[in-house]
Amino acid sequence: MTPPDRTEPDDGAEDDAGEPSFYDTMVATLDRRRAESAPDEASFFNRPMGDQELVEYLSFQAYYELRAAQFIGRWLADTPERDALVLLAQQVEDEANHYEYCMRALARRGVTSLDGWTPEPEWEEWIDVWYPSGADTIERVAAHNLTGELGACQAFLEIKPRLPLDVQKTFDRIIPDEQFHLKLGRQLLERYCVTEEDCARVEARVVRTFELEQAGRLAYNRRMAALGIADLDDPTPPFA
Ligand SMILES: [Fe+2]
Ligand SMILES: [Fe+2]
């Protein structure tokens, strides 16, 4: 949960009365593209989740959270905006905690490390290469805080009803933090994405991140099929 003494981002609500902001148009674009996606791309979770997939999913999520803590931590050495420094430093702690929560959920299932677990190439391109890249704060948060956190929140909320109670409780701790990360991304983009050139750079990052996320979700389903958990030629309907 978000501790009460943290520096909270502005919620941007006072900007909602007039024309949609650039940020809002980016969110609307992502919502539309997600709605237009094939079921396998729109969601990781088109089938009931058994124990083997749960371990696979938690391993993926632990890897994602660890990498987020690491690459956002590296950005702090190159973040001149004082508000961004404070907010992103808080996010580093959150993502490290999320990694720990996922590892605890894995430990309850007998998995104590990710050493024997290998990410798919699409996940490395998306999470290890693309997210850490970005020339400045707006490019970084456009990819991770806007596009990535939107996708993560959507996935968490979709999958949660299908999880065992202990993992649902894990997600109950993670989801408010991810919503905080969305809000801080909104604040930083509305404050620092000001010129047409800025907006063009942000839009390019949003679009490319969405494409990589979609490829990552397809790779997840391919991996589950290879493990015998899903049959790609006989897709089950979306669970939602
Ligand atoms: Fe996280
Ligand atoms: Fe996050």
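Visitor: Which residue bridges the iron ion (ligand 1) and the iron ion (ligand 2), and how far apart do they lie?

Guide: Glu95 bridges the two, and they lie 3.4 Å apart. Keep in mind that this is a predicted model.

Visitor: Where does Glu95 lie, and where is Glu178?

Guide: Glu95 is in helix 4 (residues 82-107) and Glu178 is in helix 7 (residues 165-192). The pair therefore ties together parts that are 83 residues apart in sequence.

Visitor: Is Glu95 buried or exposed?

Guide: Glu95 has 1% relative accessibility, so it counts as buried. Glu178 has a relative accessible area of 2% and is buried as well.

Visitor: Let's take ligand 1. What are the protein donors of that iron ion?

Guide: Glu65 (OE), Glu95 (OE), His98 (ND1) and Glu178 (OE). They lie 2.0 to 2.3 Å from the iron ion (ligand 1).

Visitor: What are the angles like at the site of the iron ion (ligand 1)?

Guide: Among the 4 donor atoms they run from 89 to 135°. The site is irregular.

Visitor: What spacing do those donors of ligand 1 follow along the chain?

Guide: For the iron ion (ligand 1), the pattern reads E-x29-E-x2-H-x79-E.

Visitor: And ligand 2, what are its protein donors?

Guide: For the iron ion (ligand 2), they are Glu95 (OE), Glu149 (OE), Glu149 (OE), Glu178 (OE) and His181 (ND1). Along the chain, the spacing is E-x53-E-x28-E-x2-H.

Visitor: How many residues apart are Glu178 and His181 in helix 7?

Guide: They are 3 residues apart, so about one helical turn separates Glu178 from His181. Glu178 and His181 are both buried.

Visitor: How many of the lining residues are nonpolar, polar or charged?

Guide: In the second largest cavity, 3 are nonpolar, 3 polar and 4 charged.

Visitor: Switching to rings. How many aromatic pairs does a search of the whole structure find?

Guide: It finds 14. Tyr64 and Trp126 make one of them: the centres are 5.6 Å apart and the planes stand at 85°, so that pair is edge-to-face.

Visitor: Which parts of the chain does that pair link?

Guide: Distant ones. Tyr64 is in helix 3 and Trp126 in helix 5 (residues 121-130), 62 residues apart. Tyr64 and Trp126 are both buried.

Visitor: What about Phe71 and Trp75?

Guide: They form a tilted aromatic pair, with 5.3 Å from centre to centre and 50° between the planes. Phe71 and Trp75 both sit in helix 3, 4 residues apart, about one turn. Phe71 is buried at 2% relative accessibility, and Trp75 is buried at 4% relative accessible area.

Visitor: Which residues do ring pairs link into a cluster?

Guide: Phe60, Tyr63, Tyr64, Phe71, Trp75, Trp117, Trp123, Trp126, Tyr131 and Tyr220.

Note on methods. Residues numbered from 1 in each chain as written. Chains lettered and ligands numbered in written order. Predicted model: local features only at pLDDT ≥ 70, side-chain atom pairs only at ≥ 80, totals over all residues. Heavy atoms only, no water. Nonpolar A, V, L, I, M, F, W, Y, C, P; charged D, E, K, R; others polar. Donors = N, O, S within 2.8 Å, 3.2 Å for Na, K, Ca; no water. Tetrahedral: all angles 85-135°; square planar, octahedral: opposite > 155°, others 65-115°. Helix = DSSP H or I, 4+ residues; strand = E, 2+ residues; numbered from the N terminus. Buried < 20%, exposed > 50% of the residue type's maximum accessible area, 1.4 Å probe, protein only. Phe/Tyr/Trp six-rings, centres within 6.5 Å; stacked < 30°, edge-to-face > 60°.
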